Protein chains: 2
Amino acid sequence: MAGSELTNTKSPRVKAAKRLTKRAFRDRDRSFLAEGPQAVREALALDGVVTELFTTAEAGTRHADLVATAVSAGVPVHRASGEVMAELAQTVTPQGILAVCRFVHVSLESAVTEQARLVAVLAHVRDPGNAGTVLRTADAAGADAVVFTDASVDPYNGKCVRASAGSLFHLPVVTGAPVAQAVDRLRGVGLRVFAADGAGTRTLDDVDLSGPAAWIFGNEAWGLPEEILGLADEVVRVPIYGGAESLNLATAAAVCLYASARSQRVRPLSG
Amino acid sequence: MAGSELTNTKSPRVKAAKRLTKRAFRDRDRSFLAEGPQAVREALALDGVVTELFTTAEAGTRHADLVATAVSAGVPVHRASGEVMAELAQTVTPQGILAVCRFVHVSLESAVTEQARLVAVLAHVRDPGNAGTVLRTADAAGADAVVFTDASVDPYNGKCVRASAGSLFHLPVVTGAPVAQAVDRLRGVGLRVFAADGAGTRTLDDVDLSGPAAWIFGNEAWGLPEEILGLADEVVRVPIYGGAESLNLATAAAVCLYASARSQRVRPLSG
């Protein structure tokens, strides 16, 4: 991190990174921004993902290990002024360190294989914070892959990357898959395809979750459209035992994914 | 809703409602604001909770049923200009209808009785959105009560009320309880007290969840302090099967509460 500090928010280098806050430029450059020490650490753990690192002097000292890792990997590290960091960061209180990363998604075929036991599919999920939270939860629940269909939010949206808390870098992620194609593949490798929706006649408590499963989650406001419900092997709803009308999307996804993970792992006690 | 429209954001009536956006005034007036048709509907379903209703002309037409219910119940209904509504509402896009409500919380003793099977305790939860989401999830999971300890956020905070999606009005809520006193009561009525924390040596999969349970959830960033871990019968962590470091608070709470609810209800299959 020798040399001068980037102080000009209009410099070509800063502008080239800044434009990655827009999807059209992300798609063109096949690159995105990962903000904060946790995301940067996870990105650096993968070979060849980080192509540039920006850090303030202060954050560079605090996260000297990350700077050292980047330097050893031959990643250009730029010291940036607070003003430049504020320009690049999309958070109100930037953490002072930010990486330009190459796209990490993989093909449907390589993500979803015959070894898969648990897969989450985001269909029509529009809120990037929700999508990132589901990605993080799927990772925690031990999912083998997360599939973003072509009607869902961009997984490289800054809010999604942040909400995923590093999970975007942990497990195979697919983006832009047509939902019918995704379902074909999931079923083809032996997964039972559950659509999580309030329209389900059976609840989580009524279905056998011990086998390999894929879960399709829908839109925050209106759930899943008929054609997707029709594609699934079964439409299942999270039981509402109390007075709430519904659960929010990320909560419902957590309950479904963990119910599957738990049923696949825990040997039931004799009744 | 006869008479003139409130158009002056400085009128005493508007100012009296507006100050309920601050906790000190809520505590003084023992009142809070519930925004949007869903919350207003749930509040009106309880006797004597709504003391005033503000609505724009447009929202009053769209939600004529709510206005009619309020009028029949003898609740003063004020037609307000868009400007007045924007002054009172705490959302970027106000839904045009808002109720002043009396506090709905109850004592620890009346909320937590020997009939209780599932109780959620929020200890040191600071983010009102998270607290409201946990309240909604607890309601959905059929919890008998939700206890906010004295170190947690105010359940009447506008963001908490909104995130609860009406659940604040569905089940007994306790606020300001010292945690040791809450644990005594919970144990006294026969609940097993679980602290949900990454420090747990046993996971959700290793504990018997079939009996009546209380779950204590901690701070978003640092979990639960030692003295609370020490009060619980057992410290339990949500298993992380994959690469994620942790789950977010509301997600972890959903997994714990639903695991309890499910174990209490579903007769296990023979293994």
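Ala165(A) is buried, at a relative accessible area of 13%, where buried denotes under 20% relative accessible area, exposed over 50% and partly exposed the range in between (1.4 Å probe, protein chains only). Ala165(A) belongs to the loop between helix H9 (158-163) and strand S7 (173-177) of chain A; helices (H or I, at least four residues) and strands (E, at least two) are DSSP runs, numbered from the N terminus. The phi angle of Ala165(A) is near 50°, a positive value in a residue other than glycine. Most residues other than glycine have a negative phi. The structure is a predicted model, in which local features need pLDDT of at least 70 and side-chain atom pairs count only at pLDDT 80 or more, whereas totals for chains, interfaces and linings use all residues. Residues are numbered from 1 along each chain as its sequence is written, chains are lettered from A in the order in which they are written, and side-chain values use heavy atoms, with hydrogens and water left out.

In chain B, a positive phi, near 65°, is found at His124(B), likewise a residue other than glycine. His124(B) is placed in the loop between strand S5 (118-122) and H8, and counts as buried at 17% relative accessibility. Helix H8 (residues 128-140) of chain B contains Pro128(B), which is buried with a relative accessible area of 12%. Beyond its neighbours within four places in sequence, Pro128(B) is in contact (heavy atoms within 4.5 Å) with Val153(B), Asn157(B), Lys159(B) and Cys160(B). The C-alpha atoms of Pro128(B) and Asn157(B) are 6.6 Å apart, with a sequence separation of 29 residues.

Within chain A, helix H3 (residues 37-44) packs against helix H5 (residues 64-72) at an angle of about 30°, and their axes are 10 Å apart. Axes are lines fitted to C-alpha atoms, for helices over the stretch in contact, and angles run from 0 to 180 degrees between N-to-C directions. H3(A) is therefore roughly parallel to H5(A); angles under 35 degrees count as roughly parallel, over 145 as roughly antiparallel, 65 to 115 as roughly perpendicular and the rest as oblique. The contact involves Pro37(A), Val40(A), Arg41(A) and Leu44(A) of H3(A), together with Asp65(A), Leu66(A), Thr69(A) and Ala70(A) of H5(A).

Between the chains, 40 residues of chain A are in contact with 39 residues of chain B. About 3,000 Å² is buried between chain B and chain A, 56% of it on carbon and sulfur atoms, buried area being the accessible area (1.4 Å probe) that two parts lose on being put together, summed over both. Of the area that chain B buries against chain A, 22% is supplied by Tyr241(B), Tyr258(B) and Arg262(B), more than any other three residues.

Helix H12 (residues 249-265) of chain A and helix H12 (residues 249-265) of chain B pack with axes 9 Å apart, at an angle of about 55°. H12(A) is thus oblique to H12(B). Residues of H12(A), including Thr251(A), Tyr258(A) and Arg262(A), meet residues of H12(B), among them Val255(B), Tyr258(B) and Ser263(B).

Ala141(A), in the loop between helix H8 (128-140) and strand S6 (145-149) of chain A, counts as buried at 0% relative accessibility. Not counting residues up to four places away in sequence, Ala141(A) touches Leu118(A), Leu257(A), Tyr258(A), Ala261(A), Arg265(A) and Tyr241(B). Ala141(A) and Ala261(A) are 120 residues apart in sequence, with a C-alpha to C-alpha distance of 6.1 Å.
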